[in-house]
Amino acid sequence: MSVFDDEILANMEKSVAEIPHPSQPKGTNLYGSTKLFPDYQASEGQAWLTLVHGIPHESSVSFVAVLQTTRALRKGFDATLYFYGPGALACADTRGFPTTGDTAFPGNQNMNEAIKTFIAEGGTVLCCRFGMALHGQREEDLIEGVIPCHPLDVQDAVIHFANKGAIINSVYNL
């Protein structure tokens with residue numbers, strides 16, 4: 001026996017039938033593909049810094065920042081990711097459930113895998129020790145290749161990269 005009466009069931013059928021599904025077959029282009037800007041590449045010695053202050057699996061902004069910085073690295077920039085505050089959690093290689101490294105839900109390890117790819121391709125990853133301490137994270141829990149740094153380094157890193165004329169991207173989740 002259905003929890004819905006005949007009138008509701010009839011309305012459900014009518015509602016689903018109003019618009020054909022799928023409205024477009026898989027593979028249909030719904031959007032144009034014209035790129036407006038040239039495919040810029042880094043000039044010799046050009047640097048890129050991304051500051052990330054966002055929780056790993058709760059902030060698509062943080063994940064997109066890692067992907068953008070990886071793209072900058074692939075364009076030839078001397079690229080650095082700097083995780084601080086809650087962003088430090090993204091650098092933990094002890095995430096996962098029921099055991100470390102396991103994917104508890106689809107996308108759970110996206111940040112970890114993207115950071116490992118960035119490092120493997122030659123990017124530099126910095127992680128604030130204060131951000132780690134705020135969340136009970138230990139240095140030995142960091143993804144291999146992540147460089148722990150002093151809390152006062154956040155501001156000085158920005159000054160350093162600004163003095164080099166770097167592109168500086170800073171993201172937060174609210």
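I take a contact to mean heavy atoms within 4.5 Å. With that set, I looked at the contacts in the protein chain with a separation of 6 or more: residues 24 or more positions apart account for 68% of them.

Ground rules. This is a predicted model, so I note that local features need pLDDT of at least 70 and side-chain atom pairs count only at pLDDT 80 or more, while totals for chains, interfaces and linings use all residues. Residues are numbered from 1 along each chain as its sequence is written, and side-chain values use heavy atoms, with hydrogens and water left out.

Fold. I counted five helices and five strands in the protein chain. Here helices (H or I, at least four residues) and strands (E, at least two) are DSSP runs, numbered from the N terminus. Along the sequence I read α-β-α-β-α-β-α-β-α-β. The radius of gyration is 22 Å, well over the 16 Å that the globule rule gives for 174 residues, so the protein chain is more spread out than a compact globule. That radius is taken over C-alpha atoms, and the rule is 2.2 Å times the number of residues to the power 0.38. The C-alpha trace spans about 70 × 45 × 25 Å along its principal axes.

I found 34% of the 174 residues buried. Buried means under 20% relative accessible area (1.4 Å probe, protein chains only). The accessible surface is about 11300 Å², and carbon and sulfur atoms hold 56% of that. The areas come from the Shrake-Rupley method with a 1.4 Å probe. I also logged 11 positive and 19 negative side chains, with the centres of the two sets 8 Å apart. Lys and Arg count as positive, Asp and Glu as negative; His and the chain ends are not counted. Each charge is placed at NZ of Lys, CZ of Arg, CG of Asp or CD of Glu.

Cis bonds. Most peptide bonds are trans. I noted a cis bond from His21 to Pro22, with omega near -10°. Pro22 sits in the loop between helix 1 (6–18) and strand 1 (47–53). Phe97 and Pro98 are also joined by a cis peptide bond, omega about 10°. Pro98 lies in the loop between strand 2 (78–83) and helix 3 (110–120).

Cysteines. How many disulfides does a search of the whole structure find? I got zero; the test is a pair of cysteine sulfur atoms within 2.5 Å. For Cys127, the nearest cysteine sulfur is that of Cys91, 3.9 Å away. Cys127 is buried, at 0% relative accessible area. The closest cysteine sulfur to that of Cys128 is in Cys149, at 5.9 Å, too far for a bond. Cys128 counts as buried too, at 4% relative accessibility.

Notes
Buried means under 20% relative accessible area, exposed over 50%, partly exposed in between (1.4 Å probe, protein chains only).
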